[in-house]
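Please read this briefing beside the sequence and the 3D view.

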Amino acid sequence: MENDQGDLMEQEEHDGSDKPPSSLKAPLRSTRLNIQRSNVCSRAYFVVIMVFFHVYILNVIGLLLYVHYNNGPGDLVSGNGASSTSVGESETPLPHPAPAAGDLPLHVEDYTQSYSLPRIEGIRVGHVQQVSLVPDRTHEMRTISLKPLLFEIPGFLSEEEGRVVVQLAQLKGLMESQTTAPSQGQVESNQPLLSFSTEEVFSLLDLNQDGLLQKQERPGQQRSGKLRSQFKQRNKHTWLYQGPGSHQVLQTLRTRLISLTRLPSTLVELSEPLQLIRYDHGDFSNAHHDSSPSHSETTCAHTRLAGNTSALTEVSCRYLTMLFYLSSVEEGGETTFPVADNRTYEEQALIQLGVDLTDTRETCDRGNMRIKPTAGTALLWYNHLSDGRGWMGELDEYSLHGDCPVRRGVKWMANSWVNVDPDHQRQARYQRLVGQRHQAKSGMEEHYQPLSHSDLHQDL
C-alpha cells in the first residue's frame, strides 16, 4: 500500500512538474507567429515603397528627356533662364511676365550670349491657353491653325493703347508703299530699257560667281521666286522705335511680346522697329511670306555685318510675326492665310485654272482662313519650323498670308517681327559686334556727355 501511494505521489509530482512547461510553450509559439507575420508585412511594405520609388525615378527621367528634346542642346540654353512653353492641359495659366525690358539696364554681356528659341505648343486647333501678360488679368490665347502655328489673343491691347499708337504713327508721318506691278500689255513709259550681252546675263544669274549655273540659280527655279517677283500691295506705312526713350505704350507692347513668346529680350531688342500700316478703301496686300528661305548666296539683312560679305542678296530673316489690330473694319480688310492647314503645299498649285490664290483682290474669299480685324486683337505665328535642336529651321511655307481689300472703313494694324539668323553662330557673332559697338558708344558718351537717348527719341 505504501508503495502504491508513493507511486501515486511521484506521478502527481511528475504531472505537476509537466504543466508549467506546457503553459510556457503556448506563448512562445504565438510570439513566433507574430514575428513571422510582422516580417511578412514589413517585406510587403518595403516592396511597395521600392515600386513607388522606381516609378518616381522613371517619371523624373522622362521629364528631363522631354525638357531636353524640347529646349535643344545645353550649349544653346538661354542666358536668362527662358525655357520652352508647352501646355499639356487646356486653359493652363502661364507664369507672370518678367519686369519690363525697357526698365532694365542693358549690358554688353547680354548681347554676347547664345540662346535657344522657345516655341509655344499649339496642341490642337481650338485649344485655349490662359496667359498672364498684365498684372491682375489673364488673356485667352486660342490656337486657330497648326500649319502654320497660329494663335489669336483677343484684348491683347486696349482701345486706348491702340489710339495712342495710331496717333504716334500719324505724328511720325506715313509713306506710300505701293508696289503694284503693271498688268499684262501695260508698259511703264518712264522705265528705261537696258540691253545686256550674254556674258553679262550669265554673270547676273551666277549668284555665287563660280562659273556654273546651279538649279536654284536658273530663272524660275528659285524657291518662292514667283511670290517675290509678283508681290503687289497698296497701303501707307511707317516705323516706330520701341527702345528706351520711346513712348511707354510702345515699350509695353514689346514687353508683352517678350512675356508671351518667352524669347530672350536681347533678340527682340535687336529686331526691327514696329511697322505701322494704314489700309484705306481698296488697299490690299497680296499673299506673301514675312521671312525668307535660307540659301548660301544670301545673308540676313539684320546680321549682314557678321554674315557672308560676298553674298549678293540680303533677305529678311523673321522667326515670328506678331500682328496687332489697332482698329476694327466695317467691311473687308481680313487677314487671309490661303493654304493654312492644307494637307500639302506646292507653289505651283497656288495657280490653277486661272485662279491665283495669292491675288487677294480677286480670290480673297477662296483662302482656307480669313480673320476679321478687331481692335485690340493680336495674332502670333511662327514663320519658320524648328530645326529640332532649339533653333530656327526651314521656312514654314504654310505661313503664306495677305490682306484682303478694305471695302468700307479704315484698317490700322502693326507688325512686330523678331529677327533671327538661321545660323546661330552668325547670330552670336552679330550680337558680339553689337556688344562691342555698344561698349564703344558708352565710352564716347561718358567722355563727351552728349544729349540723352530719350531726348533724341521723344515719344517716337
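The notes below start with the basis of the model and then go through its sheet, hairpins and helices.

This is a predicted model, in which local features need pLDDT of at least 70 and side-chain atom pairs count only at pLDDT 80 or more, while totals for chains, interfaces and linings use all residues. Residues are numbered from 1 along each chain as its sequence is written, and side-chain values use heavy atoms, with hydrogens and water left out. Helices (H or I, at least four residues) and strands (E, at least two) are DSSP runs, numbered from the N terminus.

**The sheet**

- An open sheet is built from nine strands with antiparallel pairing, in the order β1-β2-β3-β17-β11-β22-β7-β6-β4.
- Two strands count as paired if DSSP finds at least two bridges between them.
- The edges are β1 (128-134) and β4 (175-176), each of which pairs on one side only.
- Strands of a sheet pair through backbone hydrogen bonds, either parallel or antiparallel.

**The hairpins**

- β1 and β2 pair in the antiparallel sense over five bridges, with Val134 opposite Arg137 in β2.
- Two residues lie between β1 and β2 in their hairpin, and Asp136 in the turn has a positive phi of about 60 degrees.
- β2 (residues 137-146) is joined to the antiparallel strand β3 (residues 149-153) by four bridges, and this hairpin also has two residues between its strands.
- Facing positions here include Ser145 with Leu150 in β3 and Thr143 with Phe151 in β3.
- β18 (residues 384-386) and β19 (residues 392-395) run antiparallel and are joined by two bridges, with Ser386 opposite Met392 in β19.
- The hairpin of β18 and β19 has five residues between the strands, and Gly388 takes a positive phi near 85 degrees.

**The helices**

- Contact means heavy atoms within 4.5 Å.
- Axes are lines fitted to C-alpha atoms, for helices over the stretch in contact, and angles run from 0 to 180 degrees between N-to-C directions.
- Helix α3 (residues 159-172) lies across β6 (236-240), β7 (274-279) and β22 (411-419), at about 100 degrees to β6.
- Helix α6 (residues 248-261) lies across several strands, among them β1, β11 (318-325) and β17 (378-382), and runs at about 140 degrees to β1.
- Twelve of the 14 residues of α6 are buried, so α6 is largely enclosed by the rest of the structure; buried means under 20% relative accessible area, exposed over 50%, and partly exposed in between (1.4 Å probe, protein chains only).
- The buried residues of α6 include Val249, Leu253, Arg254 and Ile258.
- Just after α6, Arg262 takes a positive phi of about 60 degrees.
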